[in-house]
Amino acid sequence: ESYAGVYIPTMARSILEEDASINLRGFAVGDACTGTEVLCGSDGDFGPWWDLTFMYGHGQFSTKLYDEIISECTIEGLKHPKAAGGLSDDCNSLLDKMDEQIGGYYEDALY
């Protein structure tokens, strides 16, 4: 359950702060969302940065194309395109090239 990455740590903190009789030593959450910065919440302005970083980090497209994307689009523009005034046509063309290099995929299979 991805949102367990938000409510389980919150619950654990409450237990530690409010009930000293519970001997909580730790907790584990698999495949957890830990906040909106990684696309599991919504502030209405998420861009392709996290997908781009994930796919590049798993060797799914070339370093040359990654460098071109970063140069043209900027990291802040990729993270929050609305706040940055939108992505340029050249940036979108490079992102299309990235999608072509990646081809079809299932992200969980890349772990």
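The link of Cys73 and Cys91 is right-handed, with 115° about the S-S bond. Cys73 lies in helix α3 and Cys91 in helix α5, so the pair ties together parts that are 18 residues apart in sequence. The S to S distance of this disulfide is 2.0 Å; the term covers a pair of cysteine sulfur atoms within 2.5 Å. A search of the whole structure returns 1 disulfide. Cys73 and Cys91 are both buried. Buried stands for under 20% relative accessible area, exposed for over 50%, and partly exposed for values in between (1.4 Å probe, protein chains only).

The model is predicted: local features need pLDDT of at least 70, side-chain atom pairs count only at pLDDT 80 or more, and totals for chains, interfaces and linings use all residues. Residues are numbered from 1 along each chain as its sequence is written, and side-chain values use heavy atoms, with hydrogens and water left out.

**Fold and surface**

The chain holds 5 helices and 0 strands. Its pattern along the sequence reads α-α-α-α-α. Helices (H or I, at least four residues) and strands (E, at least two) are DSSP runs, numbered from the N terminus. Of the 111 residues, 23% count as buried. Accessible surface comes to about 7,300 Å² for the chain, and 51% of it belongs to carbon and sulfur atoms. These areas come from the Shrake-Rupley method with a 1.4 Å probe; for residues, only the protein chains shown count as cover. Contacts are heavy atoms within 4.5 Å. Among those between residues at least 6 apart in sequence, 59% join residues at least 24 apart.

Helix α3 spans residues 63-73 and contains both Lys64 and Glu68. The two residues are 4 apart, about one turn of the helix. They form a salt bridge, with the closest N and O atoms 3.7 Å apart. The criterion is a side-chain nitrogen of Lys or Arg within 4 Å of a carboxyl oxygen of Asp or Glu.

**After α5**

Tyr105 sits in the segment after α5 (89-102). Met55 is 50 residues away from Tyr105 along the chain, yet their C-alpha atoms are separated by 9.9 Å.

| Residue | Relative accessible area | Class |
|---|---|---|
| Lys64 | 61% | exposed |
| Glu68 | 28% | partly exposed |
| Tyr105 | 43% | partly exposed |
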